[in-house]
Amino acid sequence: MTIDRRSILQGCLATAAAALAPVNVVAQSPQLITRPIPSTGERLPVVGLGSWITFNVGDDSVLLDECAAVMAAFFEAGGRMIDSSPMYGSSQPTIGYGLRKLGFPQALFSAEKVWVSNPSKGPVQIEQSRSYWGVPRFDLMQVHNLISWQEHLETLFAMKAEENVRYIGITTSHGRRHNEFEKILVGQPIDFVQVTYNVLDRGVEKRILPLARERGIAVIVNRPFQRGHLIKRVERYPLPEWAAETGAGNWAQFLLKFIVSNPAVTCAIPATTRVDHVRENMAAAMGIIPDEALRRRMAAYVQQL
Amino acid sequence: MSEFWTYGPSDFLLFSPRVYYRQFELHNQALWPAQIIALGLGVTLFFLVLRPSPVRSRVVAAILGLLWVWVGWIFVWQRYTTINWVAAYAVPLFMMQGALLLAAAATRNGLDIEKEWTFIRGFALALLLFTLFFYPLLAPLWGRSWQAAEIFGIAPDPTALATLAVVALSRSRIRWPLMIVSALWCAITGATLWAMAAPDFWVAPICALVALTVRWTARRPTPRRYRHRNVPHCDV
C-alpha cells in the first residue's frame, strides 16, 4: 500500500464528510418520500407532526422535555412540518420550548392556524402564536375550521403579499362543512387545505381530494389515527400476511401508508407523545408507496376487522 | 350550527389523562404541606356541622367560602387553565360560589344548619366523611399515583362534594344556588373524566345527584324565623 498526496487528501475529505454526515442526513434524508407543494414546487416529507392533545402539557417540565425529545426524533428522521393551533391549549408554547431546546432546526416547516371568531383579533392572535413558537414568521397560516374565513383570508392574503407568511390555507376536521370547503377551494387562491382522512374516514376522496389536485392545492391530513381510536381498534388483530407488500412493519405504518399513498395528499400529521412512535411514523414515509389496487385491498382489510 | 351536534364529549377534550392527573401531582407537590391544613379545616367543618349553632354556621360558611375562592384561584385559574382554556369560564363560578358563602357568613345565622337528627343529616355527615377521607384514596385505588390524590380544600371535586354535604343541611335561602353550583362542577368533572374514559368518572356526579335527590325529597326544613308560627292550631 502506497501513501501519496491523493490518498491523504481523500482520507481528509472522508473524515470531514463523516463528521458532517449527521447534519446532512438530518437536512436531506434522501430516503424520505416527499411531495411538492403545487403552488411553488417546494417539497415536503409526506409525514409531519401534529400537536393536538399530545403537546398540551401546561408548564409540566417533565412532559415539556418529553415533547422536545419527540420533536428531536422527528427532525432526526428528516421531518419538517409541525402543525398547531391556538385552540390546542399549551401546544404552541410547548413547540416553542422544543424549538429553542433544539436550536430552531432549519428543516422546520411551521404550520399554524388562526382561530378566533372576531376577525379584528386575527392579527393579534397570529402574532401571539408567532411569539410562542419563537420563529420570525410562519411558513403556513391556515384558517381553523373555517371560522370567519372570509375576513381571516383577507388578512392572510395581505400577510402573504408582505411576505409575513409563505403559504395560506384553510382547515376542517371530522368531515364537517365540506360544501363550503369546496367553494373556497374553487374560489380562493389558497396554497393548502387540511382535512380529516384515514382508512375509515374517506369522505374527502369523492370531491375534496380530486378538487385539490385539479386546483393545485396541497393537502394536509389530520386525524390519521382517529385520535388513537383507529390504532386501538386494529391492533388487536395481526397485520395481513401481505402487509410487507405495502412496506408497513406495524399498524401505524400500515394506516399512514394508506393515507400518503393517495397522490393528492401532501403530508399527514400524526401526533404522538412517544419517541418510538414518531420514529415509526416517520418510517412510513420511506420505501414502498402502495398502488391503487393495494390501497383498495388495505381499506377492505381494515373495514372487515 | 347544525354540525355542533356531530361533536362528542371527547372532541372537546384538549389533554390526555396522563397530563390531567399530573396536574394534581404537581399541585400537591407545590402546596405541600397545605394538605394537612386543608384536612384539618375539613375535620373542623365536620365537628361544627355535628353540633351546629348560629356562630358555627357562620364559621362553616366562611371556611367553605374561602376554600372556593382559594381552589378557584390556585388550582382552576393558575394550573388547570394551562391545559384547558375552557376552565377559565369556570373561574367566575368558583368566585361567585365563594362570594355567596362569604356573604352567608356575614349574616346572623350563617348557613343556618339544622340540628335535628334526620336521615338527611346522617347522609350529609357520611358524605362529608367520605369526601374528606375516602375521596383522596380514589387515585391509588384506580391505579394512579397516590401523589395525584384529590384532597378537600386543595382540589375542586372534593371541595364541591363537601360543600354539597354541608349545604344540604342548610335552612338558608341560598341553599339551592350553592347546591346547584357545586353539582354543576361535579357534572363538569364527570363529563371530563368520561371523555377521558376514566373508570371513576361517575363518582362525583353520582354523589352530587344523590345529595340533590336526598335534599329534594327530604322534609322541607323550616326557616328559623318562622319556626314559632308552626304551632298546630284549629279553627272552630
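In the predicted model, strand S6 of chain A, spanning residues 165-171, is mostly covered, with six of its seven residues buried. Strand S5(A), residues 138-143, pairs with S6(A) in the parallel sense over five bridges. Within this pairing, Val143(A) has Ile170(A) of S6(A) as its bridge partner. Together with helix H5(A), residues 149-161, the strands S5(A) and S6(A) form a β-α-β unit that is right-handed.

S6(A) also pairs with strand S7(A), residues 192-196; the sense is parallel and three bridges are involved. Here the bridge partner of Thr171(A) is Gln194(A) in S7(A). Between S6(A) and S7(A) the chain passes through helix H6(A), residues 178-187, in a right-handed β-α-β crossover.

These pairings belong to an open sheet of seven strands in chain A, with the order S3-S4-S5-S6-S7-S8-S9 and parallel pairing. S3(A) and S9(A), the latter comprising residues 267-268, are the edge strands, each pairing on one side only. Helix H4(A) packs on the sheet, where it touches S4(A), residues 109-114, and S5(A). The direction of H4(A) makes about 145° with that of S4(A). Helix H5(A) likewise packs on the sheet and touches S4(A), S5(A) and S6(A). For H5(A), the angle between its direction and that of S6(A) is about 165°. In general, strands of a sheet pair through backbone hydrogen bonds, in either a parallel or an antiparallel manner.

Helix H3(A), residues 91-101, is largely enclosed by the rest of the structure, because nine of its 11 residues are buried. The buried residues are Ser91(A), Gln92(A), Pro93(A), Thr94(A), Ile95(A), Gly96(A), Tyr97(A), Gly98(A) and Leu99(A). Their cover includes helix H2(A) (61-76), strand S3(A) (81-83) and helix H4(A) (122-133). Just after H3(A), Gly103(A) adopts a positive phi of about 75°.

In chain B, helix H3(B), residues 54-77, packs against helix H4(B), residues 91-105, at an angle of about 165°, and the axes are 7 Å apart. This angle makes H3(B) roughly antiparallel to H4(B). The crossing of H3(B) and H4(B) is left-handed. On the H3(B) side, the contact is made by Arg58(B), Ala61(B), Ala62(B), Leu64(B), Gly65(B), Trp68(B), Val69(B), Val71(B), Gly72(B), Val76(B) and Trp77(B). On the H4(B) side, the contributing residues are Val91(B), Phe94(B), Met95(B), Gln97(B), Gly98(B), Leu101(B), Leu102(B), Ala104(B) and Ala105(B). An α-helix has 3.6 residues a turn, so residues three or four places apart point the same way.

Ala165(B) lies in helix H7(B), residues 156-167. Ala165(B) has 25 other C-beta atoms within 10 Å and is therefore buried, the cut-off being 20 or more. Leaving aside residues up to four places away in sequence, Ala165(B) touches Ala124(B), Leu127(B), Leu128(B), Thr131(B) and Ala211(B). One of these, Leu127(B), is 38 residues from Ala165(B) in sequence, while the C-alpha to C-alpha distance between Leu127(B) and Ala165(B) is 5.9 Å.

Key
Residues numbered from 1 in each chain as written. Chains lettered and ligands numbered in written order. Predicted model: local features only at pLDDT ≥ 70, side-chain atom pairs only at ≥ 80, totals over all residues. Buried ≥ 20, exposed ≤ 12 C-beta atoms within 10 Å, placed from the backbone. Helix = DSSP H or I, 4+ residues; strand = E, 2+ residues; numbered from the N terminus. Pairing = 2+ DSSP bridges. Right-handed = clockwise from strand over helix to strand, strands pointing away. Axes fitted to C-alpha atoms, helices over the stretch in contact; angles between N-to-C directions. Parallel < 35°, antiparallel > 145°, perpendicular 65-115°, else oblique. Left-handed = near helix turned anticlockwise from the far one by under 90°. Contact = placed C-beta atoms within 7 Å.
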